[in-house]
Amino acid sequence: MATLKELATQPAGEKFVGGHTSCAGCGYPNIFRLALAAVKDPVVVVGATGCCEVNTSIFPYTSWKVPFLHNAFENSAATCSGVEAAYYSLLKSGKIQENNTRFIAFGGDGGTYDIGLQSLSGAMERGHDMLYICYDNGAYMNTGIQRSGATPRYANTTTAPVGKVKPGKMQKKKDLAKIMVGHNVPYVAQTIAGNAQDLVKKVEKAMSIRGPKFLVVLATCPLGWQTKTQDTVKLTRLAVDACFWPLYEVENGKYKLSYDPKDKKIPVADWLKLQGRFKHLFKPGNEQLLAEVQAEVDKDWADLKALCEFHSKQV
Amino acid sequence: MTVSTEIKQLVVAKTGNEAMAEAMRQINPDVVAAYPITPATEIAQIFSSFVSDGLVNTEMVTVESEHSAMSACVGSAAAGARAMTATAAQGLMLMAEILPIAAALRLPIVMPEVNRTISGPINIHCDHSDTMFCRDSGWIQIFSENTQEAYDNVLQAIRIAEHARVRLPALVTTDGFIISHAMETIKILPDEEASAFVGAYRANYSVLDNANPITVGSIDLQNYYFEHRLPMINALNEAKAVIKQVGREFGEKYGRAYDLLEKYKLEDAEVAIVCLGSTAGTTKDVVDTLRARGQKIGLLKIRVFRPFPVEDIAAALGGLKAVAVLDRSDALSGYGGPVFTEVCSALFNSAARPKVINYVYGLGGRDIDLHMLEAVFMRLLKIKDGGDLGQIVDYLGVRK
């Protein structure tokens, strides 16, 4: 695996550059900067409508030093499958030269967990050579912090606001990685940009595989999470140490933990309390809600560990 | 029409869907992304067997929806590939979000589209409500009267859409079941001739060009959006001359010439019906019958609805006394069908203009027959002779 220094000093320069209009402390620029640095072959990127697409491609500027295509909100995977099909077709008929071009599609959690799920599911099932990266900041941040299928339970959002009778979003976050595992794709992984080595290693592994791959990356949104901009890296690391967002990968259906905090495991409250979207959980009388979240995290963590343990014993 | 062609064409029996699939085989697109929907299913289905039998080099993307079909076509076309799909009704509606994006990115995707009623209630038979719903999406819209035209139009659509002055997507319609599933004897070009006619596709840009990376589909705000819309609007206007030129060339080479409009016995006519698609064929029969009885009547068939041939329509109808526009859909605007209002608009600034009435007919696949069309002509003749204009918008062939 390439070191951070090696990634930062590539002769061809970086493929995702600054000058974009993302907020200070935004989580996704690091994800795409690192991910593209980890891709050695020529690559085409297809992005869904959302914060990242909007902030990085305001005409006449672009942050993308690789070919970049944006079509609409819910169809980056379908659009990318068209690009990939075109590449193989033009190659087959001798209209272009083989140069080992690879394909990355991305979307935020809205464009992936929700409105783009069908398009993603179809593309994964059809087996295109494509790495789909979901940057998951847990709400429709681009339109102003509306709840999504990725919003954690009891988070405060503008469409599931904390009110006199409701403590924010009432439902649990969808487990998208698990849904993707159900597509029998060769590689699925969960990571954070706060652990650059883990992200780079996973992108490198994904790109070593021909076929559909899926990566979901927790991304901080200081505006939506109501967090300090300087805490971006720390927040994703704490989410991992709280076991709210475990780092793991699923290769050919086999789950494997990438990191186990063991005795460094922190209470989920330590992560939640840094975020304004959860501040109501710390008011007197809401202890039960907090306990509920902790129990949910603990159960999911135990289930994931058991699954990894089970698969580790398989030959 | 003189058939001076030396190219030996094959005479075959084909349904509309088979003929369109056959044209696609000869075009041999780089990518086809499609999803089944009645009555267009067969087009992609037949084409799939061409792929499986190795008769084409096409990469077939069997998507999970029409929205993804059009999305994949956009991706393929942005990658410099010749991309096609086929659909109808609900499928076209599901694509609707992506249709204007394909046009704005100037991607010459060509799509056979079988006219079918849009829900609700759900109905699988022919009317033009689907195509009309998407009429302002920046796509060129070519209507076919029969199977022969369906085949010829698909080949021409490639040339028109990919023309350097156009670079816009195009759809070619047939009327659901009436053309799509009815077998007719048609002439098709030899493969090498069809291939030579459509020629090779050279894209203006490609996202596969890694040496010259470009960003496609930028967010385009108040300071640039308008300037980026204008070239597209101009290209649609330019398309009129290109459509005429391609139609003329097709005629010179293969004996079947095409234009934006087809004028049938209109030269000395006093009244006329204006319509699109298969109804034009039925109307020609009625024109012949009534002409034999000495009535000066004619037909104006609109072959290309987008771009709307304003000048040609004004010139063709300006000298007439009375015109009935037949619409196979209601615009739900409170003023009849979309063809009617646009024809009226085309005539409004003409020095001479006929009285214009509108009949909405054939919704949900309701048949239109010779007697109904004859009655329309009879009413027009009365109006011509100074009779009362009566109800401007009326409904034909419906129990009231």
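Visitor: What follows H2(B) in this model?

Guide: In this predicted model, H2(B) is followed by Gly54(B), and the phi of that glycine is positive, near 70°.

Visitor: Which residues of H2(B) are buried?

Guide: Here is the general idea. An α-helix has 3.6 residues a turn, so residues three or four places apart point the same way. In this case, Glu42(B), Ile43(B), Ala44(B) and Phe47(B) are buried. The buried residues of H2(B) pack against helix H1 (16–27), strand S2 (31–33) and strand S5 (110–115) of chain B.

Visitor: Which residues touch the most other members of the largest nonpolar core?

Guide: Nonpolar side chains tend to be buried together in soluble globular proteins. Here the largest nonpolar core has 222 residues, and those touching the most other members include Val83(A), Ile133(A) and Ala272(B). From chain B, this core draws at least three residues from each of domain 1 (10–254) and domain 2 (261–396).

Visitor: What radius of gyration does chain A have?

Guide: A compact globule of 315 residues would have a radius of gyration near 20 Å; chain A has 19 Å, which agrees. Buried residues make up 51% of chain A, and its secondary structure comes to 12 helices and eight strands.

Note on methods. Residues numbered from 1 in each chain as written. Chains lettered and ligands numbered in written order. Predicted model: local features only at pLDDT ≥ 70, side-chain atom pairs only at ≥ 80, totals over all residues. Buried ≥ 20, exposed ≤ 12 C-beta atoms within 10 Å, placed from the backbone. Helix = DSSP H or I, 4+ residues; strand = E, 2+ residues; numbered from the N terminus. Contact = placed C-beta atoms within 7 Å. Core = buried A, V, L, I, M, F, W, Y, C linked by C-beta atoms within 7 Å. Domains from an automatic or database assignment. Rg over C-alpha atoms; globule rule 2.2 N^0.38 Å.
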